[in-house]
Amino acid sequence: MQPLTDTEVYELTARANAIRATIIEMLVAAGSGHTAGPLGMADIFTALYFKVLNHDPQNPEWEERDRLMLSNGHITPVRYAAMAHAGYFPIEECLTLRKFGSRLQGHPEREKLPGVETTSGPLGSGLSQASGYAYAARMDGKKFRIYCAMSDGEHQEGNLWEAMMFAGKNRLSNLTGIIDRNNIQIDGYTEQIMPLEPFREKYESFGWHVLEVDGHNIPQFIAACEEAKAIYEKPTVIIAHTIPGKGIREIERDYRWHGKPPSKEEAQAFLAELRTMQGKIASEHQ
Amino acid sequence: MLNPELKLKENIFDHPDAAPTRDGFGKGVLEAGREDPRVVVLTADLVESTRSEWFAKEFPERFIEMGVAEQNMATVAAGMANYGKIPFFTSYATFSPGRNWEQIRTTIALNNVPAKVCGMHAGISVGPDGATHQMLEDIAIMRAMPNMTVISACDTEEARKATLAAAQSGTPIYMRFGREKTPIMTTVDTPFEIGKAQVFLYAENPQVVIFATGPLLHNALLSAKQLGDEGMGVDVVNVATIKPLDTDTIVAKAREAGAVVTVEEHQIAGGLGSAIAEILAQEYPVPIEYVGVHDSFGQSGDPKELIEHYRMGVSHIKDAVRRAASRRHR
């Protein structure tokens, strides 16, 4: 793959910013939901839906598409927003998040919305589903890749380590795991609640190829996804170091924003902050 | 008299041959594998005792050894089913669906993918292993789950047919199987359909109908036969599919007899008896007596001795029938 041009990087960055704004708008409309995780993963989901994934928003069931499984279903607003921006459904539908009758369930459901690939929410079960999918696809000689986005905190679930063993044993090289290493979980900071480090060594010892990236550096993340395609004997995991709540100073790095939405008043200020890209753009017209 | 349409074993009352229902699974899944290349089998370090090994030997490329990891097995199977395979995943029922219930709920039932949960060594008759391994709550926890079908075969032949039917259903299914050799009541010609209860034994003037599931159906048949000889008419219905329940047959038979006994190798709470009581309380209330385990764990012992101790033997079923008959309203 050619390196990204400056224009491409600019466009992706602007798109990530727009996706963040959609996330804020949908959470305010919903009146509940998770804020920090979705904002923190906006750059990665932008990279996935606008550069990495081989997919067709007009045909979400296309058989040869790459599959993206979201294990930590609670950050689904970022996925919904990225899907809407990519053309899966109208962006306005994002405002139905968590509402009665909506396709955008509080946690994603496969049968409700084409393209979400699987149902998730209870933590620690995404990687094993992705591994089963990857195993089955390899049996049939399929060329598409399976991506699995996970949180760092959900690595406290035993099921996830079972999946790491399984994928490592079976050398599922068509599988790329992506960890949102944002260091927070509901009750506090991961290393205080139940330490996860050394993450890299743990994955390596389970037979994985491990890459670490700045989760807000879109070109770096895309390059890691490319490198994973060149690893033939192992599954790859990309540990993406992210800032929870990235893009809005008040939310950044504060675990108390894990599971609550902004109020209407807060949202106005946050959207203004996003429009000026944290002050990088001088003139702001309300 | 035995229902002639079902082409049951002629020696059903006279020392019939015996085989474990898990053998029926092993044969059924092998046949299913021959018929459909999408069928895959997973096991959690129990390839021999789950009878997965027959499939594994013929189709090693479609057999997956998961190690001792039932949560992972359920979710890997969910992923495979989501892709388009037909996974049967096997362990002991205490571990699967016991340990991995939430994984099954979210990634198979709610996700609505056609993975098949195959719980072996179900019931108290696993015997010497003791209470930890005697799964007596699986029907309750699985029938409460939307999208899930629950099957409990009465003998090895019905288990084989249920497994074949499960491969073709396109839906999530839980099947429970037993470890011990139990009487073979059905033949290759006995029809099987998921969701259909079958009247195995008719009385001319039934005073009680027994609804039984699993291998204890044989004890129910023996009880009815003996009571018939003593002059009390008793029908016996095999309820192999506990969910969805064959409501039409159950209500019709309860209406005809006026009193009901349920028989299952499972806790009374939440099992077949509960399922039938739910329907009859609404559709046609009649007295019901329950044969099963009454809110206790099992213990080590010989399977027959445990069935007797926990009051699921022929004499206990007969007592329950007499109690039900005495409570009839007419």
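Predicted model: local features only at pLDDT ≥ 70, side-chain atom pairs only at ≥ 80, totals over all residues.
Although B:Lys7 is not a glycine, its phi is positive, at about 50°. B:Lys7 counts as partly exposed because it has 14 C-beta neighbours inside 10 Å, a count between the limits of 12 or fewer for exposed and 20 or more for buried.

A positive phi, near 55°, is also found at B:His121, again a residue other than glycine. B:His121 belongs to the loop that links strand 5 (116-120) to helix 5 (138-143) of chain B. Here the surroundings are those of a buried residue, because 26 C-beta neighbours lie inside 10 Å of B:His121.

Cis peptide bonds come next. In chain A, such a bond joins A:Glu197 to A:Pro198, with omega at about 0°. A:Pro198 is placed in the loop between helix 7 (190-193) and helix 8 (199-205) of chain A. In chain B, B:Lys243 and B:Pro244 are joined by a cis peptide bond with an omega of about -5°. The loop that holds B:Pro244 runs between strand 12 (241-243) and helix 8 (247-257) of chain B.

Turning to the interface, 22 residues of chain A are in contact with 20 residues of chain B. On the chain A side, the elements that give two or more residues are helix 5 (126-139) and helix 6 (158-169). Helix 5 of chain A gives the most to this side, with 9 residues. By class, the side of chain A that touches chain B is made up of 8 nonpolar, 10 polar and 4 charged residues.

How values were computed. Residues numbered from 1 in each chain as written. Chains lettered and ligands numbered in written order. Contact = placed C-beta atoms within 7 Å. Helix = DSSP H or I, 4+ residues; strand = E, 2+ residues; numbered from the N terminus. Nonpolar A, V, L, I, M, F, W, Y, C, P; charged D, E, K, R; others polar.
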